[in-house]
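Open the model in your viewer and keep the selection tool at hand. The stops below say what to select next and what is there.

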Amino acid sequence: MGRHGWDSGARRWRLIALLGVGMAVLALVLTVISTLPDDRTRTAGTTPDGDKVHGTPAEPPKKLGPEVGWGFTHTQYSADEGASAAVERAEQLIGKRPMPQIQHVMGWGANNPEPVKGRYQFEEMDRRIDFIRKSGGTPVVTLCCAPDWMKGGKAGVGNTDWSQRNLEKAPDPEHFQDYANLATTVAKRYPYVRHFIVWNEFKGFWNDAEGRWDYEGYTKLYNLVYKALKKVDKDIMVGGPYLVMDSLDPKQTDGASDTVKGPWGRMDQRILDAFTYWNENKAGADFVVVDGSSYTNDDEMLPNEFKATDKFTAVGKWIEQQTGDLPLWWSEYYVEPADSKDERDGWSEPHRVAVQASGMIAMSKGGATSGFYWNPMDEKGDSCAGCLWRPTDAASGGGPLPMYDLVSRFNEEFGPGTTFETVPVAADDVPNVRVIADDKAVLVVNTLNRPISAKIDGKRFEMQGYEVKWLKR
């Protein structure tokens, strides 16, 4: 999506400026450097046996299907590091309502997994996977991004270019098989990870010459990775294409879809074309993955922030028409536009949670069975807009924030296998609330920034402005 941010881990490799060094000392340093091994082959801290199983128990869990439920993605900062009391508190918090959790194989908190061909470093990835398992979550791995040597850069430990421009490059076509081999290594290292997403948002797969997505290139990479993972274990589940379902202003006609549209906007036809090509030419898929925002690519929420989430329903129904019964995942979903610094902190937390709840309801009504909240964790501090828990840098951290209650409860109540039911809503409340229910629970969202008295499922009750309320049936 480009605006949600990327977390490269670059803070761990910042250069330290040397000030006030005399010319003689500088000359000595240059002499020493000239005697070091070539950076392109530096392998300190790596291992050749990256596929050695990490963690116990190592056996794959039984009876896992392609529908994993509603969870979150680990980003640059998460709860695997920090004060021990805070890390333990976060583990216990998530363990009370275990959720599926995504970790990328490179970036977003994980180091370069293969800085030199055939030499691996998985320390950070190991720690993230360990945290997911300790907190009772279902681990999901997103196979993105690619080591520098696969995309025209330098090999060698310490040579990784963590700039956003470089991180988001796709592997060169001649290295597609190398990337599939890396996926194989990851699958063998974590045999209990049963769900893999291939790549992230078509990063690096834009065809400048034709002004469209390079869906042929992505599909070739996807198919190689899919086949490689199935050779490791036929029961591994693989999904794609992780396209950003961009939408345009509803008045725009150039490049806009004539079929997938609504008051919220019109889908970018180039996205639909890319999805269609992948769907028709994929080697196989166990689930479908997309992401996107409820607002247009111009950050317009139409007609308003709550009704804009209807886009998720419309997109989901269109995907179902294309793919049939393949489960639909939203790997990321956004309902609040970011500012120029990629921050989403302009809304109050009740407002933010209410619109997020509306978005999750809309995705579910569009047929989604799994969704992952992009957790915007800060490294430190007392406040953290939209975060699931308090930052774990201090011993007092790791406690729940309002968004955690929504995401974890939604997964608990409406997890895999849920059959949704229609509940009666008083006519005068229909414009003001969003509702979803199964046979045990009802989720109600007040879309107004003022108190209301609502009658839903035969019960009348008061709701505060932007309140998210759960009812038992």
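## Stop 1: a threonine and its neighbours

Select T369 and show what surrounds it: leaving aside residues up to four places away in sequence, T369 touches E67, G69, W70, P327, L328 and W329. Bear in mind from here on that this is a predicted model. T369 has its place in strand β13. Is T369 buried or exposed? T369 counts as buried because its relative accessibility is 18%, and the cut-off for buried is under 20%.

## Stop 2: helix α10

Next select residues 402-413, which make up helix α10. The helix has 12 residues and reaches 17 Å from its first C-alpha to its last, close to the 16 Å expected at 1.5 Å a residue.

How many residues of α10 are buried? The count is 9 of the 12, so the helix is largely enclosed by the rest of the structure. To see them, colour M403, Y404, L406, V407, S408, R409, F410, N411 and E413, the buried residues of α10.

Now show what covers these buried residues. The cover includes the helices α2 (84-96) and α9 (349-365). It also includes the strands β1 (70-73), β13 (368-374), β15 (441-446) and β18 (468-472). Strand β13 is the one that holds T369 from the previous stop.

## Stop 3: aromatic rings

A search of the whole structure finds 28 aromatic pairs. Select W199 and F205 to see one of them: the pair is edge-to-face, with 6.4 Å centre to centre and 85° between the planes. Both W199 and F205 are buried.

Then select F414 and W470. Their ring centres are 5.6 Å apart and their planes stand at 35°, so this pair is tilted. The pair links distant parts of the chain, 56 residues apart. F414 is in the loop between α10 and β14 (433-437), while W470 is in strand β18. F414 and W470 are each buried.

Select R133 with Y192: R133 lies over the face of Y192, at 3.4 Å from the ring centre. Select K282 with W278: K282 lies over the face of W278, at 5.3 Å from the ring centre.

## Stop 4

Select residues 287-293, which form strand β11. The strand is mostly covered, with 7 of its 7 residues buried.

Strands of a sheet pair through backbone hydrogen bonds, either parallel or antiparallel. Which way do β7 and β11 run, parallel or antiparallel? Strand β7 (residues 237-244) is joined to β11 by 5 bridges, and the two run parallel. For an example, select P241, whose bridge partner in β11 is V289.

Strand β12 (residues 328-334) is joined to β11 by 6 bridges, and these strands run parallel. Here, select V290, whose bridge partner in β12 is W330.

## Stop 5: strands β1 and β2

Go to strand β2 (residues 101-104). Q101 and Q103 point one way from the strand, I102 and H104 point the other way, and all are buried. β1 and β2 run parallel and are joined by 2 bridges. Select F72 to find its bridge partner in β2, which is Q101.

## Stop 6: an open sheet

Select β8, β10 and β9 together. These 3 strands form an open sheet in the order β8-β10-β9, with antiparallel pairing. β8 (247-248) and β9 (256-262) stand at the edges, each with a single partner strand, so one side of each has no neighbour in the sheet. β8 pairs with strand β10 (residues 265-268) in the antiparallel sense over 2 bridges. Select S247 and look for its bridge partner in β10, which is M267.

## Stop 7: the disulfide

A disulfide is a covalent bond between the sulfur atoms of two cysteines. How many disulfides does the structure hold? It holds 1. Select C384 and C387, the residues this disulfide joins, with 1.8 Å from S to S. The link of C384 and C387 is left-handed, with -45° about the S-S bond. Both cysteines, C384 and C387, are buried.

Finish with two other cysteines. C144 counts as buried because its relative accessibility is 0%. C145 is buried, with a relative accessible area of 0%.

Definitions and conventions. Residues are numbered from 1 along each chain as its sequence is written. This is a predicted model: local features need pLDDT of at least 70, side-chain atom pairs count only at pLDDT 80 or more; totals for chains, interfaces and linings use all residues. Side-chain values use heavy atoms; hydrogens and water are left out. A disulfide is a pair of cysteine sulfur atoms within 2.5 Å. Buried means under 20% relative accessible area, exposed over 50%, partly exposed in between (1.4 Å probe, protein chains only). Helices (H or I, at least four residues) and strands (E, at least two) are DSSP runs, numbered from the N terminus. The expected span of a helix is 1.5 Å times one less than its number of residues. Contact means heavy atoms within 4.5 Å. Rings of Phe, Tyr and Trp (its six-membered ring) pair if their centres lie within 6.5 Å; planes under 30 degrees apart count as stacked, over 60 as edge-to-face and the rest as tilted. A charge sits over a ring if NZ of Lys or CZ of Arg is within 6 Å of the ring centre and within 35 degrees of the ring normal. Two strands pair if DSSP finds at least two bridges between them.
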